[in-house]
Amino acid sequence: MKYNYLEIPKKVHLKLLGIDQKPSCVQAIFQPASEPSEFGKAGKSVGDILFLEKQNLLLVSLGPAKKISADVLRQAGGSLIRWLTTNRMSEIVIDAEDPIFQPSTKFSALLEGIFLASYRFERHKKSTDTTPNPVVWIQAKTHHIEVQATVRRAEIITDAINLARDWAHEPANVINPVTLAERSIQLAEKYNLEWKILDEKELEAIGAGAIVSVGKGSHQSPARLIILKYAGKKTDQEEKPVVLVGKGLTFDTGGYSLKDTANIQGMKYDKCGAMAVIATIIAAAQLEIPIPIIAVIGAAENMISSYAYRPDDILTTLAGKTVEIVSTDAEGRLVLADTLTYVQQNFPARAVIDLATLTGGVVVALGRVRAGLLSNSDRLANELLESGERTHERLWRLPLDEEYFQLIISEDGDMKNSSTVREAHPIVGGIFLSQFIDETTAWAHLDIAGVADSPKELPYSPKGATGFGVRLLIDYLENLE
Ligand code: BES
Ligand code: ZN
Ligand code: ZN
């Protein structure tokens with residue numbers, strides 16, 4: 001199947017029943033595991049399903065009543081889609097006004113689960129599954145208009161997440177910094193965003209020696225800085241934007257500090273920070289979020305060649321500070337150093353938030369459950385932590401004490417890009433980036449290396465890129481005054 005990469009086809013049709021329309025298909029009922037009688041038989045765990053054919057009902061368990069959170073609904077939505085596909089059931093109806101979906105954030109979460117679980121990366125498969133896509137009917141007799149708006153909103157956010165997943169899934173022979181820039185321009189044109197691309201010559205001319213060096217080893221594609229701007233809906237022209245920065249390593253071999261066979265696998269996902277940031281600005285524009293937003297991607301491909309940078313090289317960054325290279329595999333922070341400097345030089349911001357698959361160490365520390373959060377602002381950190389809890393894209397704050405800088409003191413340059421010991425890698429990454437942050441900038445760094453992709457299928461995400469960060473950032477942006 002050939003399709004336009006700006007539009008991600010859905011494997012589910014979600015439709016609203018007309019007010020007078022009567023459903024003629026099986027009804028899905030969501031219920032706590034403790035429900036008496038037949039309903040209790042659905043099962044104990046979230047997403048267990050029981051089909052009562054005679055009664056025309058499909059019972060979906062929500063697990064213990066006390067633990068029914070919005071994310072439980074998201075997971076249940078995911079199971080429902082999996083069940084419908086496996087059992088080739090073509091239609092189902094859900095009553096949006098069932099009190100179990102109150103408050104309405106729970107109903108939104110259910111819709112998100114349905115849309116997110118139906119994503120598949122099938123672009124390069126010659127033989128695709130021919131199972132017809134299920135139709136999910138939503139019934140809303142009294143609050144029809146509100147439910148319609150909720151469906152639309154869930155669709156915008158999940159389409160953006162699925163776009164982030166789709167582009168993240170693309171291998172490095174398809175997406176490289178140059179093709180990523182081209183695709184970003186097309187997206188910007190489609191959604192009426194302003195855009196600007198800096199190529200390697202322009203980056204070199206302004207003195208961005210770190211990002212240019214990281215991209216130098218690639219014959220296929222040199223580095224790019226990709227800027228997308230959404231003007232916001234406020235009348236106040238003076239309103240400062242929120243700037244979102246993404247690490248866009250379209251492939252990370254490690255460079256001369258080469259990764260081994262096990263660790264190089266999946267390094268196409270080293271662009272997931274960039275994907276989350278691009279998807280967020282696209283969703284924000286469609287949701288008409290009031291505040292202006294700027295998304296800036298530092299894109300490069302970390303390769304080996306005689307042009308590549310080496311350990312021991314000393315690079316001069318855009319900020320003028322020099323960095324001695326200990327490991328060419330600590331490349332993300334170099335790309336981000338120049339990107340963060342560029343945004344502070346050009347866009348006075350209300351907050352700068354970067355998302356990056358920066359360290360394997362954060363996976364060791366927090367596993368695949370929470371992303372690391374490092375910030376110079378308690379207020380910004382707390383706002384993000386709260387958004388994380390609300391959206392279930394959870395964060396955990398790590399410290400940024402000055403002492404950690406001792407690990408990257410350099411004799412020959414202003415700092416090293418990595419320490420020589422295996423200590424506190426995610427924090428050292430944060431401390432390194434903080435050297436490029438002005439005191440007046442409210443900044444947060446999210447190390448998403450553990451959560452950006454998953455080695456196994458999750459309740460509402462197939463194996464691979466998860467699109468982590470989009471729900472979190474949209475919630476943060478929507479809750480700013
Ligand atoms: N892209 C990697 C981090 C990564 C590791 C992402 C595993 C996803 C899964 C990053 O560029 C890297 O290689 N970091 C090094 C830093 C070290 C040399 C200080 C690491 O984590 O080993
Ligand atoms: Zn690396
Ligand atoms: Zn990397």
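Donors, as I use the word here, are N, O and S atoms within 2.8 Å of the metal (3.2 Å for Na, K and Ca), and because water is not among the atoms, sites may look incomplete.

**Entry: ground rules.** I note that this is a predicted model, in which local features need pLDDT of at least 70 and side-chain atom pairs count only at pLDDT 80 or more, while totals for chains, interfaces and linings use all residues. Residues are numbered from 1 along each chain as its sequence is written, chains are lettered from A and ligands numbered from 1 in the order in which they are written, and side-chain values use heavy atoms, with hydrogens and water left out.

**Entry: the zinc pair.** I looked up the residue between the two ions and found that aspartate 252 bridges the zinc ion (ligand 2) and the zinc ion (ligand 3), which lie 3.3 Å apart. Aspartate 252 belongs to strand E9 (residues 242-252), whereas aspartate 329 sits in the loop between strand E12 (322-324) and helix H9 (332-346), so the pair ties together parts that are 77 residues apart in sequence. I took helices (H or I, at least four residues) and strands (E, at least two) as DSSP runs, numbered from the N terminus.

**Entry: ligand 2.** For the zinc ion (ligand 2) I listed Asp252 (OD), Asp329 (O), Asp329 (OD) and Glu331 (OE), at 2.0 to 2.2 Å. Its six donor atoms subtend angles of 72 to 167°, which makes the arrangement irregular. Six donors count as octahedral if opposite donors are over 155 degrees apart and all others between 65 and 115; four count as square planar on those limits, or as tetrahedral if all angles lie between 85 and 135 degrees, and anything else is irregular.

**Entry: ligand 3.** Here the protein donors are Lys247 (NZ), Asp252 (OD), Asp270 (OD) and Glu331 (OE), lying 2.0 to 2.4 Å from the zinc ion (ligand 3). With angles of 77 to 172° among the six donor atoms, I recorded this site as octahedral. Along the sequence, the donor residues follow the spacing K-x4-D-x17-D-x60-E.

**Entry: accessibility.** Aspartate 329, with a relative accessible area of 23%, is partly exposed. My cut-offs were under 20% relative accessible area for buried, over 50% for exposed, and partly exposed in between (1.4 Å probe, protein chains only).
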